[in-house]
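Please work through the exercises below with the sequence and the model side by side. Each task is followed by a solution that goes step by step.

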Amino acid sequence: MNVIETEGLTRVFTGRPDRKNRLRRARHVAVDGLDLTVETGESVGYIGANGAGKSTTIKMLVGILVPTSGAVTTVGLHPLKQRRALARRIGVVFGQRSQLWWDLPVRESFSILSAIHSLSAGDERTRTAELVDMLEMGEFLTTPVRQLSLGQRMRAEVAAALLHRPELLILDEPTIGLDVLSKQRLREFLVAQRREHGTTLLLTTHDMGDVERLCDRILVVDHGRLAFDGTLDGLARTVGARRELVVDLATASPDLVDLDGAEHVRSESGGLRQRLAFDPQHTTAARLLAAVSERAEVLDLSITEPDIEDVVREIYRATRG
Amino acid sequence: MRSLPPPARNPYWRFLVAGIRGQSAYPLATLAGLVANATFGLLKGGIMGAAVESSGGELAGYSAATMAAFVWLGQGMLGSVNFWGGSDLQARIKSGDVAVDFLRPVSVQAANVLTDVGKGLFALLPRGLPSVVIGVLVSSMVLPADPAAYALGLISLLLGITVSHATVYVVATTGFWLVETRGVSVLYMALSGFFAGLYTPIYLFPDWLLTLALLTPFPSMMQFPIDVLSGQVTGAAAGQHLGVQVVWLAVVLGVGHLMTRAGRRRLEVQGG
């Protein structure tokens with residue numbers, strides 16, 4: 001079964017009247033004839049620049065925004081006409097909006113949401129215990145939501161969206177603002193949820209790490225149209241997304257050129273710091289480091305992941321030709 | 001026959017309780033509200049008492065004692081009845097957080113109105129009761145001896161609180177079209193208190209103004225509950241008050257329902 005199906009999905013925003021010509025209104029096509037199919041159990045990363053149409057698409061998928069034209073069904077339902085039935089079968093996290101009760105303890109929010117989703121008392125207990133355990137929420141379960149750290153609140157938000165075991169989980173920038181450790185925990189949890197429950201996942205993000213660790217299919221949207229639909233490998237091949245190894249050397253050294261599978265990007269401080277780009281499909285960071293160590297003494301290193309903005313920019317450049 | 005779920009499993013009951021509990025998180029704000037209530041109660045009591053005295057001890061059916069009851073019961077209701085026109089929903093429509101409301105398998109209107117009614121009910125304890133106690137201590141107000149006045153009065157009070165929050169819900173839903181609804185709130189604030197009997201009993205109005213007031217839901221929010229609670233209106237007349245309140249509740253809920261249904265299609269949630 002297809003969890004998400006859109007056909008010619010379009011949303012046009014009409015702005016205020018033009019100042020020069022009062023009869024005309026500024027039109028902005030946020031989503032432009034989108035045809036999209038997501039099957040049960042898929043894990044899809046929906047990426048694109050700010051204003052590319054990601055959030056607008058999601059809002060139409062869940063029925064909080066009316067399409068200008070085109071058709072959309074989510075878990076087989078009409079999002080606008082069957083709002084409540086749909087709400088029982090999907091879970092949504094908007095990273096910047098909370099579904100928890102600000103003044104009440106986290107536990108109380110879970111309990112109210114369980115009642116909203118008609119879980120039995122027993123089911124509420126087991127499901128809450130399971131989520132509290134997996135997301136390590138025990139220590140702040142009795143804390144009012146307004147006193148949680150961002151990382152704690154995001155875990156609680158994700159748990160809140162999963163209480164009723166939705167078939168489809170939609171995450172809109174779930175890791176925004178989280179530190180490395182919190183991101184890592186959240187990703188591990190999401191991977192485990194998918195494995196156990198077969199939950200279909202659709203997430204928007206600006207974080208390449210989210211995409212790499214969570215998604216087996218990537219959709220890139222540009223000006224409301226699909227610019228890419230395929231696997232992460234395919235995406236990397238298309239744009240040649242490379243990681244960058246930055247090494248600090250003990251002594252100023254000549255440029256590290258002709259290393260296998262790597263390209264010298266530039267040297268700084270007269271060769272004390274050097275940047276090497278490499279394609280993870282051809283070599284590994286460890287192998288490259290070993291090769292560098294044969295030529296110079298390495299004091300420190302860091303690795304930069306390809307920036308999702310760069311990847312998207314490359315895709316845009318390729319498709320706009 | 002299908003049995004009803006226990007209250008803890010009924011989402012609407014939980015919204016009501018969430019309102020009560022949410023409000024209890026702010027004891028200092030509640031105390032400040034009580035101090036303001038009491039201060040304005042003293043001023044209002046002084047003015048209205050003088051008005052009764054200067055007209056020979058009786059004014060539009062009020063004696064000094066019943067006028068004092070009008071003043072202090074009214075002050076007691078101020079924390080529970082919404083006369084300022086703003087609400088959480090108003091803010092959430094503006095910020096787009098209302099999206100979360102629509103992603104729950106419940107009625108958005110019932111969830112919001114019940115949460116606000118819950119807040120209003122909570123305020124009866126730390127603001128309502130103390131105001132009445134202060135009134136009894138500092139004024140000549142008398143409370144009715146008939147238990148029926150209390151029973152009917154509580155129902156009327158509950159209806160009054162609910163009518164006010166259901167009306168403020170309608171104010172908030174104009175945000176689906178206007179986004180910024182402070183103007184509508186100010187209009188509500190100007191009209192509601194005046195026609196609800198917040199400043200003077202509406203029975204002091206000239207006939208044409210009283211007629212106008214009675215054509216609005218506002219007297220149902222405060223004047224009628226005070227009439228019944230104070231024992232000023234009893235028997236069939238009290239029943240009539242409750243009947244009018246029920247009709248207004250149905251009207252504002254109906255309007256709110258239609259506004260939600262139409263407004264939802266206008267909703268443009270900004271940003272992520």
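The exercises begin with chain A as a whole and then turn to its parts and to chain B.

This is a predicted model, in which local features need pLDDT of at least 70 and side-chain atom pairs count only at pLDDT 80 or more, while totals for chains, interfaces and linings use all residues. Residues are numbered from 1 along each chain as its sequence is written, and chains are lettered from A and ligands numbered from 1 in the order in which they are written.

**Exercise 1. Describe chain A and its division into domains.**

Begin with the inventory: chain A has ten helices and 13 strands, where helices (H or I, at least four residues) and strands (E, at least two) are DSSP runs, numbered from the N terminus. Of the 321 residues in chain A, 40% are buried, a residue being buried if 20 or more other C-beta atoms, placed from the backbone, lie within 10 Å of its own. Finally, domain 1 covers 41-61 + 78-238 and domain 2 covers 242-305, with bounds that come from an automatic or database domain assignment; the C-alpha centres of the two domains of chain A lie 37 Å apart.

**Exercise 2. Work out how strand 6 of chain A is placed.**

First look at burial: five of the five residues of strand 6 (residues 168-172) of chain A are buried, so this strand is largely enclosed by the rest of the structure. In a regular strand the side chains alternate between the two faces of the sheet. Accordingly, one side of strand 6 of chain A carries A:Leu168, A:Ile170 and A:Asp172, the other carries A:Leu169 and A:Leu171, and both faces are covered.

Then find the neighbours, using the rule that two strands pair if DSSP finds at least two bridges between them. Strand 5 of chain A runs parallel to strand 6 of chain A and is joined to it by five bridges, with A:Val92 opposite A:Ile170. Strand 7 (residues 200-204) of chain A also pairs with strand 6 of chain A in the parallel sense over five bridges, and there A:Ile170 stands opposite A:Leu202.

**Exercise 3. Trace the sheet with the order 11-12-10-13 in chain A.**

This open sheet has four strands with antiparallel pairing, and its edge strands, each pairing on one side only, are strand 11 (262-268) and strand 13 (298-304) of chain A.

**Exercise 4. Which residues of helix 3 of chain A are buried, and what do they pack against?**

Ten of the eleven residues of helix 3 of chain A are buried, so the helix is largely enclosed by the rest of the structure; among them are A:Val106, A:Phe110, A:Ile112 and A:Leu113. The buried residues pack against helix 4 (121-134) and helix 5 (150-162) of chain A, together with helix 1 (11-23) of chain B.

**Exercise 5. Characterise the side of chain A that touches chain B.**

Here 29 residues of chain A are in contact with 22 residues of chain B, contact meaning that the C-beta atoms, placed from the backbone, lie within 7 Å. Helix 2 of chain A gives the largest share of this side of chain A, four residues.

How values were computed. Contact = placed C-beta atoms within 7 Å. Buried ≥ 20, exposed ≤ 12 C-beta atoms within 10 Å, placed from the backbone.
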